[in-house]
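Subject: Structure handover

Hi,

Here is the structure for you to look through. My notes follow below it.

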2 protein chains.
Amino acid sequence: MSQSDTVQRILDAAEVLFAQKGFAETSLRAITSRAGVNLAAVNYHFGSKEALIQAVFERYLTPFCQALDGKLQELEGQGAADLEKLFGVASRLALGSHGDEPRRAMIFFRLSGQAYSQPQDHLRAYLREHYGAVFRRFLALLRTAVPEVPPMELFLRVHFSLGAVIFTLSGMESLQTISKKDFNTDITAARITQQLLPFVVGGIRG
Amino acid sequence: MSQSDTVQRILDAAEVLFAQKGFAETSLRAITSRAGVNLAAVNYHFGSKEALIQAVFERYLTPFCQALDGKLQELEGQGAADLEKLFGVASRLALGSHGDEPRRAMIFFRLSGQAYSQPQDHLRAYLREHYGAVFRRFLALLRTAVPEVPPMELFLRVHFSLGAVIFTLSGMESLQTISKKDFNTDITAARITQQLLPFVVGGIRG
DNA sequence: CGCGGGGGCAAACGTATGTTTCAAACGTTT
DNA sequence: AAACGTTTGAAACATACGTTTGCCCCCGCG
């Protein structure tokens, strides 16, 4: 067939492994081995490891950003929206817009964390170029939701929130481990993300 | 001399390079070259690259945690402290307890971000084992500061805050770059960290 | 039927890495 | 001054990596 499922198999494997072990620590051999395809397939279909990394992000981010953009345009039409609504929409979309379980979302947030903390400059530039518009649209809506917060401070606080979210969802398993050891409580991922919302809202308000 | 400054030179170089490029992406050759020492010196003095990574963290974290622990014990004696005071103390100590400029602190937060997002399991275990006690002491004090927040939620929100802080200070330069491009404003690192405090306090209160 | 090309495969290539080796240089002690 | 343990030095080692190379198969078109 013209476009085999080899591409998808590679992307699936790469997504999980990159999230588990990081970009540099994941070899193409580990990816192709998990995907059950030949080593050369990566360079054949994607050109390079760097391009594969970008492709992994693109496959996840494009549908999400399109969905978010649509929702945001809706909200723009309806006039002012409050903080809870805005973050609620983004959160529901991020966790559920992919049909499959939110496990996928968690994997992706781990990827984002790595993209941010490691200096994958090419990736940062790529993300900024392709998805910066949606981010700015979101920021503009936020501004109308909390006009009492100066734009510059709002901008910073949104980044703080992004940090809390990415960091939390990146280290979800270790968070669950610790909470079990220190509090004798099993806590679901859903509950953690649910707690994230009031924290973010409270932080943005200051 | 019995313990030469080679060890310190290596630690200095490793600290900066690890923060700049990540652990896996930084070769021992890059480190020893920057330090002006022989390649074999790392394995001679530290045993392995992994041990070097731990040593970098230890050199920074041990003085900080000792200082923090002392301050916290003081506060315990003085009865209840409020949120602003607790986070203020921790923040001042983290940014200034090392004599030298807060640049050092920023470097270290970048390191922390990488330690968290990459699955350096050995590092996570090491940090937990050596510095978990201080963290628990801090958490206990927080509990008395906001008794209205259930312990479990407080625990989560502290982690959210940690995420915001680490994420922010990790990506400080890119944050400054963006703010300059989008807001035409130069923003100092000090101002960003200063904005971090009300965000964290607001988030913890919910 | 032939044959042309897209995709898959094993193998090899060049390079960069962490680590080891062993001899030379150094400083301290006797 | 001689002997010793500690530290440095240049070089080599084994390995793992990303990438490239040819050769094979197989399907669709002439």
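Contact here means heavy atoms within 4.5 Å. On that basis, 100% of the interface residues of chain B are also interface residues in chain A, so the copies meet through the same surface.

Some ground rules. This is a predicted model, in which local features need pLDDT of at least 70 and side-chain atom pairs count only at pLDDT 80 or more, while totals for chains, interfaces and linings use all residues. Residues are numbered from 1 along each chain as its sequence is written, chains are lettered from A and ligands numbered from 1 in the order in which they are written, and side-chain values use heavy atoms, with hydrogens and water left out.

**The pair**

Chain B superposes on chain A by a rotation of 180°, with 0.0 Å of shift along the axis and an RMSD of 0.1 Å. That is the relation of a two-fold axis.

Helix α8 (residues 151-170) of chain A packs on helix α10 (residues 189-205) of chain B. The angle is about 70° and the axes are 10 Å apart. That makes α8(A) roughly perpendicular to α10(B) (65 to 115 degrees; under 35 is roughly parallel, over 145 roughly antiparallel, the rest oblique). Axes are lines fitted to C-alpha atoms, for helices over the stretch in contact, and angles run from 0 to 180 degrees between N-to-C directions.

From α8(A) come A:E153, A:L156, A:R157, A:F160 and A:S161. They meet B:R191, B:I192, B:Q195, B:L196, B:P198 and B:F199 in α10(B). By class, this contact has six nonpolar, two polar and three charged residues.

**Chain A**

Chain A has ten helices and zero strands. Both are DSSP runs, numbered from the N terminus: helices are H or I of at least four residues, strands E of at least two. The C-alpha trace spans about 55 × 45 × 30 Å along its principal axes. Of the 206 residues, 51% count as buried (under 20% relative accessible area; exposed is over 50%, partly exposed in between, with a 1.4 Å probe and protein chains only).

**A residue to look at**

A:N184 is found in the loop between α9 (172-183) and α10 (189-205) of chain A. Its phi is near 55°, a positive value in a residue other than glycine. A:N184 is exposed, at 71% relative accessible area. In chain B, phi of B:N184 is near 55°, and B:N184 counts as exposed at 71% relative accessibility.

Best wishes

Technical notes. Copies are superposed by least squares on the C-alpha atoms of residues with pLDDT of at least 70 in both. Ala, Val, Leu, Ile, Met, Phe, Trp, Tyr, Cys and Pro count as nonpolar, Asp, Glu, Lys and Arg as charged, and the others, Gly among them, as polar.
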